[in-house]
Amino acid sequence: MSSTLPPDVTADALPLFVTIGFTGHRAVADPKAAEQLIEAALACVHAAVGKAADEPFAADYTGPPGLRLLIGAAPGTDRIAAAAWRAADYGELHTLYPFREPGGDCAYTDRPEKADPETRVKTPPLGEAWTGLDTHDLDLTPDQAHAEVARWIVRHAELLIGWWNGESFSGAGGAGDTMRKALERGIPVIWLRPGAKEPQLVDPSEIRHHADAAEAMGALERIAVDLTADALADLLAVALAAPGEPDPAKRDPEVLARRDYASSDPTLRRSTVFGRAQALADATLWRTYAVFERVAGRAVPLDRLQPELPGSLAAQPGFQRLRAASRQAAARAARLSDVHRSEQLLLIAIAIAAVFVGALPAVVPSWHAPAAGVEFAIGLVALGVAETARAAHRHRRWSDARRLAERLRAALATWPLGFDIADAHANPPQTWTEWRTRAVLRAAGPPRGWINRERLDDEAAWVGAQLIESQIRYHRRQGGIAENIERFVKWIEGGAFGSLMALLLVFLLLHYFFKAPEGMAGWVSLVSAVSPAVAAGCLALEATNGFGELALHSEHLEAEFEDIRAHLGDASRAPYHQVLRIVRRAAQLLVEDVDAWRDRLQRRRIIRGA
C-alpha cells in the first residue's frame with residue numbers, strides 16, 4: 001500500500017484513501033497488553049483495506065490504496081497506537097493537537113496551565129501531516145477544545161478505533177463520546193476494551209435496535225462482534241463503492257460512461273484530427289448560445305472575483321488537490337453547458353430553416369425538387385445533432401458535470417475550516433457526483449498546521465469572497481440576462497405574429513377591394529408557414545430554458561446570499577462555531593440550488609424540431 005499522498009495533484013487521479021480515526025484513554029493499566037490489542041486491530045484494518053482494494057469497485061480508483069491514521073498525541077493509548085502505526089509503516093500519520101503553547105510553537109494535549117511535561121509535545125515540521133487547534137486564540141473552553149478534536153476525527157474518518165472501558169461516555173471529547181459521535185454519523189467502530197483478548201467490531205446499522213447511539217453505547221457489548229478482516233472489508237466497501245453495479249463487466253454503457261470520468265472528458269484533445277475538429281466546433285458551433293446570450297441577453301463578461309489566496313492555504317497539498325479537481329470540473333461543466341444549449345438553439349434554428357425551405361416553392365414553383373432536397377439534408381443534420389447528443393448522454397453529462405463542479409466548489413469553501421456539508425451522516429453516497437466528491441476529499445485529507453484566529457479570519461474572508469460574494473454577482477448577472485432574453489424572445493414571437501397578421505390583412509384588402517400583385521399569394525403562404533414556426537421556436541426556447549423562472553430564481557438566491565453575507569459580517573468578530581455555521585449554510589445553499597436545477601433540467605431535455 002502507498003504510504004503517502006501521491007506527488008501529483010492531477011484532477012483525474014482518484015486514489016483510494018481510507019482514514020482511520022483513533023481515540024482512547026490517557027491511563028493504561030497494562031501497556032503491553034494494550035499494545036498487543038492495538039497492533040491486532042491495526043493489522044486487521046490493513047488486511048481489510050487490502051481486501052477491499054481487490055473488490056471490483058476498486059477499479060474506479062487510481063493506483064494502490066492508501067491509509068491515514070488520524071490521532072491525538074496524548075499520553076496513553078494515543079502514543080501506543082501512533083508508535084505501532086509507524087513501526088508497521090502502514091501509511092500517513094496525521095496528528096491533532098487541541099492546545100498551543102502560549103507564546104510558542106509546541107503543542108499541549110491537555111490544558112497548558114497544568115504545565116504537565118507529559119502533555120507537552122513538539123509539533124512536526126510544517127511539511128508533515130498534523131493539525132493544531134489554537135483553541136485559546138479561538139476563544140474555546142478546554143472542554144470545547146477536546147470536543148473539537150473528537151469532531152475532527154469523526155468528520156474525516158471512514159472508520160474509528162476506540163479504546164474504551166465501557167463506562168462513561170458523557171465527557172466531551174472522551175473516548176466514549178467520540179465513539180458515540182462515530183456511531184451517530186454512521187461509521188464502523190472497532191472497540192478495544194481493556195482486558196479483552198480480541199478487538200470487536202460495531203456495525204453502526206445495529207444501533208437500529210436502540211432509540212439512538214447514546215442508548216446503544218450503554219449496551220455496546222450486545223451488538224459488538226469479533227473483528228475480522230472480511231467483515232470490516234464489507235463495511236468499508238459500503239462507504240467506498242460508487243452507486244450502481246460494482247462489477248465493471250456487468251455495467252450498462254451509461255453507468256460505464258458515468259464512472260469513466262477521464263475518458264468522457266469533452267475538454268481533452270485525444271488526437272490531432274479530432275482535436276482540431278473539436279477546437280473548430282468550440283470556436284464556432286458551440287459558441288452559438290454564447291453569441292445569443294450576448295445579443296438577446298445583453299450579457300457582458302462576468303467580472304469574476306479573484307481574492308488573494310491566504311498563504312496558509314497556498315502550500316496545502318490537500319487544498320491543491322481539491323482545487324485542481326474543482327477547476328477541472330468547472331471547465332467541463334462550462335463546456336458541456338455551451339454544447340447542450342448551443343445544440344438546442346441550433347435545432348430550433350434548423351427547424352425554422354426547414355420550414356422556410358419547405359415553403360419556398362410557394363414563391364418559386366420551379367424549386368420544388370431542390371427545396372425538397374435541401375429540406376431532406378436539413379432534416380438529416382437535425383437528426384444527426386439530436387441523436388449524437390442522445391447517444392453521448394450529453395443532457396445527463398451536463399447535469400452531472402455541473403453538480404460535481406458546484407459540490408466541489410462547496411467542498412473547497414468548507415475544507416479550510418475542517419468540515420464538509422456531508423459530515424452529519426456518513427450514509428453511502430446515492431449519486432455518482434457525491435461519491436466522487438467524497439473520494440477527492442478523502443485523498444485531500446484534513447488541513448494542516450496551526451489554526452488560530454488570524455488564520456480563521458483570513459480563510460473565512462477568502463471563503464466569503466470566493467463563495468458568497470461571487471454567488472451574489474453571478475446571480476445578479478444571470479437574473480438580468482434571463483430577464484433580457486425573456487423580453488427578446490417575446491418580442492420576436494410578437495413580431496412574427498404581428499408580421500403575419502399585417503401581411504394577411506394587406507392581402508385580404510388587396511384581394512377583395514383591389515388587385516393583389518402577382519405572386520403575393522406565394523409570399524403569404526411562405527410567411528404563413530414561417531411565422532408560426534418562429535413562434536413555436538420561441539415557445540420551445542422558453543420551455544427548454546425557462547427564462548422567466550430563472551430570473552425569479554436568481555433574484556431569490558441573490559437575496560439569500562446577501563443575507564448570509566450580512567450574517568457573516570466581519571468574520572474577525574464572529575465566534576469560531578458561528579463562522580462554521582454560516583459557511584456551512586452558504587455551501588449547502590449552493591448544492592441545494594444545483595440539485596433543484598437538476599430536477600428542473602430533467603423536464604427540459606433536448607428536443608428535435610419536426
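## Helix H4

In this predicted model, helix H4, spanning residues 175-185, is mostly covered, with 10 of its 11 residues buried. Those buried residues are Ala175, Gly176, Asp177, Thr178, Met179, Arg180, Lys181, Ala182, Leu183 and Arg185. Gly186 follows H4 and has a positive phi, near 95°.

## Nonpolar cores

In soluble globular proteins, nonpolar side chains tend to be buried together. Here the largest nonpolar core has 124 residues. Ile20, Phe22, Ile190, Leu192, Leu220 and Leu232 are the residues with the most contacts inside this core. Helix H19, made of residues 576-602, gives the most to the core, contributing 12 residues.

Leu192 can be followed in detail. Not counting residues up to four places away in sequence, Leu192 touches Phe22, Leu37, Ile38, Ala41, Ile161, Gly162, Trp163, Trp164 and Pro199.

## Helices H1 and H7

Two packed helices are described by the angle between their axes and the distance between the axes. For helix H1 (residues 31-53) and helix H7 (residues 229-240), the axes come within 8 Å and cross at roughly 55°. At that angle, H1 is therefore oblique to H7. Their crossing is right-handed.

On the H1 side, the contact is made by Cys44, Val45, Ala47, Ala48, Val49, Lys51 and Ala52. H7 supplies Ala229, Asp230, Leu232, Ala233 and Leu236. Sorted by class, this contact has 10 nonpolar residues, two charged residues and no polar ones. Leu232 of H7 is also one of the residues with the most contacts inside the largest core.

## Helices H12 and H15

The axes of helix H12 (residues 317-359) and helix H15 (residues 432-444) come within 8 Å, and the crossing angle is roughly 155°. H12 is therefore roughly antiparallel to H15. This crossing, too, is right-handed.

Gly318, Arg321, Leu322 and Ala325 of H12 meet Val440, Leu441, Ala443 and Ala444 of H15. By class, the contact of H12 with H15 has six nonpolar residues, one polar and one charged.

## Surroundings of His146

His146 lies in helix H3, which covers residues 142-156. Leaving aside neighbours within four places in sequence, His146 is in contact with Arg26, Phe99, Thr109, Asp110, Ala172 and Gly173. Gly72 is 74 residues from His146 along the chain, and the C-alpha atoms of these two residues are separated by 10.0 Å.

How values were computed
Residues are numbered from 1 along each chain as its sequence is written. This is a predicted model: local features need pLDDT of at least 70, side-chain atom pairs count only at pLDDT 80 or more; totals for chains, interfaces and linings use all residues. Side-chain values use heavy atoms; hydrogens and water are left out. A nonpolar core is a set of buried Ala, Val, Leu, Ile, Met, Phe, Trp, Tyr and Cys residues joined through side-chain atoms within 4.5 Å. Buried means under 20% relative accessible area, exposed over 50%, partly exposed in between (1.4 Å probe, protein chains only). Helices (H or I, at least four residues) and strands (E, at least two) are DSSP runs, numbered from the N terminus. Contact means heavy atoms within 4.5 Å. Axes are lines fitted to C-alpha atoms, for helices over the stretch in contact, and angles run from 0 to 180 degrees between N-to-C directions. Angles under 35 degrees count as roughly parallel, over 145 as roughly antiparallel, 65 to 115 as roughly perpendicular and the rest as oblique. A crossing is left-handed if the near helix is turned anticlockwise from the far one by less than a right angle, and right-handed if clockwise. Ala, Val, Leu, Ile, Met, Phe, Trp, Tyr, Cys and Pro count as nonpolar, Asp, Glu, Lys and Arg as charged, and the others, Gly among them, as polar.
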